Amino acid sequence: MNRDRVELHTHLEGSVTPGRLILLAEKYGQPGVARACLTPDGGHFAFTGFHGFLDLYKAATSVMREPSDFHAMAVDLGGQLAADGVGYAEVAVSYGVLLVRGIDPLPVQRALHEAAAEVAETQGVRLRWLPDAVRQLDEKWAWRAWEKAATAGRELGVVGFGLGGDEAAGPARRFARLFAEVKGEGFGISIHAGELPGLGAGAVASVREAIEECGADRIGHGLAAAGDPLLLATLAARGIFVELCPGSNVLTGGVASFAEFPFAAFLEAGVPCALNTDDRTMFDLNLEQAYKQATELLQLTDDAAAAMQTAAAAAAFDKVREGS
Ligand SMILES: [Zn+2]
């Protein structure tokens with residue numbers, strides 16, 4: 001299969017395979033964790049709504065502990081990406097969660113970097129890393145996460161820094177000073193914002209804050225922006241790339257169905273964007289399926305799909321192809 005696709009919004013922890021989760025839970029003597037996270041047949045993840053997903057995420061990450069665990073997960077992800085036609089991916093790793101759990105992200109990052117070399121060799125997929133902070137926690141955790149990310153640096157494949165978690169409980173503006181530093185050090189900035197339009201005006205404000213106060217180069221989700229023509233125009237004028245995650249938004253309640261995803265609003269406004277899975281295995285999604293659904297349900301043309309991949313390659317924080 002061609003590996004022409006670029007994915008800029010995918011989380012390592014949310015891409016753990018059910019089989020790997022079972023192995024990790026057994027390794028740490030907590031088989032109940034896997035049972036709680038998976039369907040009875042052990043083949044898929046189970047959750048309801050955004051907060052149900054956050055609970056699932058917390059339970060699953062509790063058995064991701066040693067660098068070797070993350071190494072194995074990254075190699076697994078490389079295989080999934082290769083099968084999905086992805087040749088370059090920037091993968092979020094929650095340093096915020098690691099730190100709160102008392103795990104040093106640096107040995108984990110070294111393991112991820114080694115895994116990336118292995119995946120490049122065996123699967124022809126280039127992985128780069130986007131450590132992120134958890135927005136609803138005290139800012140000190142975000143600062144620690146950023147310090148670790150900066151220490152790891154490009155030598156260990158880190159190309160940017162992000163912000164994830166519960167948007168309603170952690171406004172981006174709290175992290176303005178931190179992101180000024182990220183930018184000053186020459187790293188890319190990708191911030192989850194406008195993921196849950198149910199927050200109303202707050203969701204649009206969240207996207208604005210990410211752009212205006214934190215200097216985001218890319219917005220994760222950005223769904224709420226679809227309803228605000230002025231904000232769409234700002235995103236388009238500044239070339240801020242929006243990492244659309246339609247399948248994820250359906251599952252966490254941001255939109256009622258894939259067919260109702262406000263896809264056209266972004267394209268018509270000229271906002272650079274492309275499709276992403278967000279959490280591949282936890283959501284049971286892949287790009288092949290996402291582009292197929294967009295073609296069938298949202299009339300995405302082949303040209304528009306190709307333009308999305310070009311936009312994603314341009315918005316990558318590292319070169320998409322070796323030597324290019
Ligand atoms: Zn995400």
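At what angle do helix H6 (residues 105-123) and helix H7 (residues 139-152) pack, and how far apart are their axes? The structure is a predicted model, in which local features need pLDDT of at least 70 and side-chain atom pairs count only at pLDDT 80 or more, whereas totals for chains, interfaces and linings use all residues. Residues are numbered from 1 along each chain as its sequence is written.

H6 and H7 pack at an angle of about 40°, with their axes 10 Å apart. Helices are DSSP runs of H or I with at least four residues, numbered from the N terminus; axes are lines fitted to C-alpha atoms over the stretch in contact, and angles run from 0 to 180 degrees between N-to-C directions. The two helices are therefore oblique to each other, the class left after angles under 35 degrees (roughly parallel), over 145 (roughly antiparallel) and 65 to 115 (roughly perpendicular). The crossing of H6 and H7 is right-handed, meaning that the near helix is turned clockwise from the far one by less than a right angle. Pro105, Leu106 and Gln109 of H6 and Lys148, Thr151 and Ala152 of H7 make the contact, with contact defined by C-beta atoms, placed from the backbone, within 7 Å. By class, three nonpolar, two polar and one charged residues take part; Ala, Val, Leu, Ile, Met, Phe, Trp, Tyr, Cys and Pro count as nonpolar, Asp, Glu, Lys and Arg as charged, and the others, Gly among them, as polar.

Glutamate 121 also lies in helix H6. This glutamate 121 is exposed, with 10 other C-beta atoms within 10 Å (exposed: 12 or fewer; buried: 20 or more; partly exposed: in between). The C-alpha atoms of glutamate 121 and alanine 34 are 31 Å apart in space, and the two residues are 87 apart in sequence.

Two non-glycine residues in loops have positive phi. Aspartate 284, with phi of about 60°, lies in the loop between helix H13 (280-283) and helix H14 (287-298) and is partly exposed, with 15 other C-beta atoms within 10 Å. Glutamine 299, with phi of about 55°, lies in the loop between H14 and helix H15 (302-315) and is exposed, with 10 C-beta neighbours inside 10 Å.

The largest nonpolar core has 107 residues, of which Ala74, Val91, Leu112, Ile191, Val207 and Ala210 touch the most other members. Such a core is a set of buried Ala, Val, Leu, Ile, Met, Phe, Trp, Tyr and Cys residues joined through C-beta atoms within 7 Å. Not counting residues up to four places away in sequence, valine 91 touches Thr10, Leu12, Leu77, Leu127, Trp129 and Leu130.

Notes: Contact = placed C-beta atoms within 7 Å.
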